[in-house]
Each structure stands twice: as C-alpha cells, then as structure tokens.
Amino acid sequence: MFKKILSSIFLSSVYTFAFDYNLKPVKVTNDVWCFLGKLDMPTKENGGFMSNSCYVKADKSYVLIDSGASYGFASQAYEAMSKIEKLPVSTVISTHSHDDHWLGNSFYKEKFNAKILGPSLINKEYNENTITRMHQVLSKEDFKGTKIIPVDDVVNETRTLKIGNKEITIIPTGVKAHTSEDLFVFIPSEKILFSGDVIMNGRVTSNRDGSVIGTLKAIDMIKEKDWNYLVAGHGLDTSKTAINDTVEYFSLLKQRVLEAIENDTSGTEITKVVTMDEFKDKPLYGELNSKNVYDAFRELEFYEED
Ligand SMILES: [Zn+2]
C-alpha cells in the first residue's frame with residue numbers, strides 16, 4: 001500500500017513539473033549565443049529540443065533566430081540568457097515553417113511584444129487550432145502555454161534591419177531548398193550566418209519538404225557570403241566546416257540518384273541501389289536516409305541539367 005502511494009506521488013510529480021531543458025548557452029561570437037539542440041528526432045525525452053535557437057545582442061535588446069519547440073523551451077532559454085545579461089527581446093526571426101523552430105514565438109510575443117519576422121508559409125499553413133508535430137510528441141504539461149501565433153512581418157525579399165548596434169540581413173533563398181520558403185540571416189559585423197535547416201551537421205538531414213537541386217543552389221548562395229561562423233538549423237559545428245556534411249550529402253545524393261536513373265533503376269529499387277554508406281554511422285540515418293533517397297528519385301526522375 002505504502003509503495004503504491006509512493007509510486008503514485010512519484011508519478012504525479014513527473015507529470016506536474018514541466019520539462020527541465022537544463023539549457024546552457026554556447027557563446028559563438030562576441031555577441032551571439034546559441035542553444036544547440038540534440039541530434040535526434042523530437043521526443044518526450046528531449047522535450048522537442050533538437051533544433052538550434054540563437055540570441056544576438058544588439059546593444060539594448062536581443063534579436064532571436066528561431067525560438068525552439070515550445071513556450072517552456074523559450075522561457076527557459078530566456079531565463080538562461082538573463083544570467084548573461086537581462087535584456088528584452090525586440091525581434092524574433094523564424095528561418096522556416098517547421099514547428100520545432102518557431103513554437104516558442106508566443107513566449108516572446110507575450111513577454112516582450114517582440115516583432116516576429118518569417119516566411120509567409122507559417123501564416124498560410126498554420127492557424128491557432130493546427131495540431132502540429134510537437135503537439136503530438138510533447139505531453140500536455142510540457143506543451144503548456146504554447147500558442148500558434150502568426151508572423152507579424154513576412155519577409156519575401158532581402159532586407160537589412162538596423163537594430164541597436166547591429167545590421168542584420170535576412171535573405172530568402174528564392175528557391176525551394178529545405179522548404180519552399182527558407183530564410184538565411186547574415187550579420188556581417190560578426191561574420192556569422194544562420195542557415196536554418198538548409199544546413200545540418202553531425203546528423204542526416206530531413207528533405208521531406210525540400211529539393212536536392214534547390215538545396216545545392218542555396219548552398220552556393222551561402223558560399224558566396226563572407227562568414228567565419230555558421231549556425232545550422234541542427235548541428236553543433238558552428239565553424240568554417242559547418243556546411244561540409246550537407247554539401248557532401250546533397251552532392252553525392254544528386255550524383256548517385258542521377259546515375260541510378262541513367263541505369264534504369266526503378267523507384268522501387270532506388271533505396272537499395274543508393275544507400276549513402278558514408279553517412280551510415282550518423283544519427284538519424286535509419287530514420288531519414290531511405291526517404292531522402294526516394295524523394296530525390298522522384299525529384300530527379302525527369303531532371304535535365306541546365
Ligand atoms: Zn526544418
């Protein structure tokens with residue numbers, strides 16, 4: 001009986017206390033700190049913290065690039081940043097429409113009335129009642145407070161914001177790359193570029209809404225910019241080598257799938273013929289690689305090099 005009571009107390013406490021993300025900001029440049037997510041799918045165990053969320057200090061306020069997967073995550077990220085310097089968050093930039101990158105927006109709107117900039121897809125594909133992937137993964141308790149709110153200011157073309165002492169350029173890729181609308185954020189004074197999910201490192205990418213050809217074009221745009229630091233949408237490498245995994249993956253994927261098509265490989269055989277073995281030991285290979293190969297086949301089946 002006593003045991004039973006104890007275990008029910010234990011269980012109820014598990015469900016009463018919201019997820020503790022135990023967040024530690026990583027200093028990337030003088031004025032940029034990031035929370036770098038797990039190289040995993042979103043799960044109850046990681047609280048959906050598997051994407052990167054960064055704070056840029058712009059003199060008297062912070063500018064945020066991607067806000068994470070829940071209100072709870074965003075509020076704990078802000079708490080951790082407050083220990084470095086307690087500044088309001090004036091602006092939030094969402095790099096793309098996947099929910100792990102922007103469900104924290106409602107925290108910054110509620111607490112600071114932050115201005116939210118992002119792609120139009122967030123407003124087109126979601127409304128306050130949409131059941132997102134995170135709704136299904138996280139418990140009610142861990143998802144508490146999270147609201148779907150629209151982007152205030154849709155970014156369709158390149159623009160430079162002047163906020164405090166920073167010039168921050170937002171650059172739409174203009175091609176379907178990771179999604180049909182991806183934004184880069186570039187801060188020349190810090191020589192840092194935020195690529196959203198066009199770049200991932202240390203894990204296999206997810207190309208479910210993207211394009212092989214478009215991603216390679218977007219990578220060329222990234223290469224043209226003068227950066228020393230690059231923060232990927234997912235991945236811990238923020239150095240000059242941050243793009244290497246993605247460059248290699250998409251170049252090989254394109255080359256091998258086109259070769260297989262040339263050899264009359266069919267859609268049913270493609271994932272057996274193109275296996276991308278170099279990436280076999282990377283996280284999420286099992287979950288995502290075959291689907292990426294199959295989608296690449298569908299995209300490249302009628303492709304002609306221009
Ligand atoms: Zn994404």
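Mentor: Happy to! A salt bridge here is a side-chain nitrogen of Lys or Arg within 4 Å of a carboxyl oxygen of Asp or Glu. This is a predicted model, in which local features need pLDDT of at least 70 and side-chain atom pairs count only at pLDDT 80 or more, while totals for chains, interfaces and linings use all residues. Residues are numbered from 1 along each chain as its sequence is written, and side-chain values use heavy atoms, with hydrogens and water left out.

By that rule there are 17 salt bridges. Let us start with Glu110 and Lys147, whose closest N and O atoms are 3.5 Å apart. Glu110 belongs to helix H3 (residues 105-112), and Lys147 sits in the loop between helix H5 (133-137) and strand E7 (153-154), so this pair ties together parts that are 37 residues apart in sequence. Helices (H or I, at least four residues) and strands (E, at least two) are DSSP runs, numbered from the N terminus.

How open are these two side chains? For accessibility, buried means under 20% relative accessible area, exposed means over 50%, and partly exposed is in between (1.4 Å probe, protein chains only). Glu110 is partly exposed, with a relative accessible area of 49%, and Lys147 is also partly exposed, at 47%.

Now move to Asp153, which forms a salt bridge with Lys115, the closest N and O atoms being 3.4 Å apart. This pair links distant parts of the chain, since Asp153 lies in strand E7 and Lys115 in strand E6 (residues 115-118), 38 residues apart. Asp153 is buried, with a relative accessible area of 17%, whereas Lys115 is partly exposed, at 42%.

Asp153 has another partner to look at: its side chain meets that of Arg159 in a salt bridge of 2.8 Å, N to O. Arg159 counts as partly exposed, at 26% relative accessibility.

One more group deserves a look. Asp99, Asp100 and Arg133 are linked in a network of salt bridges.
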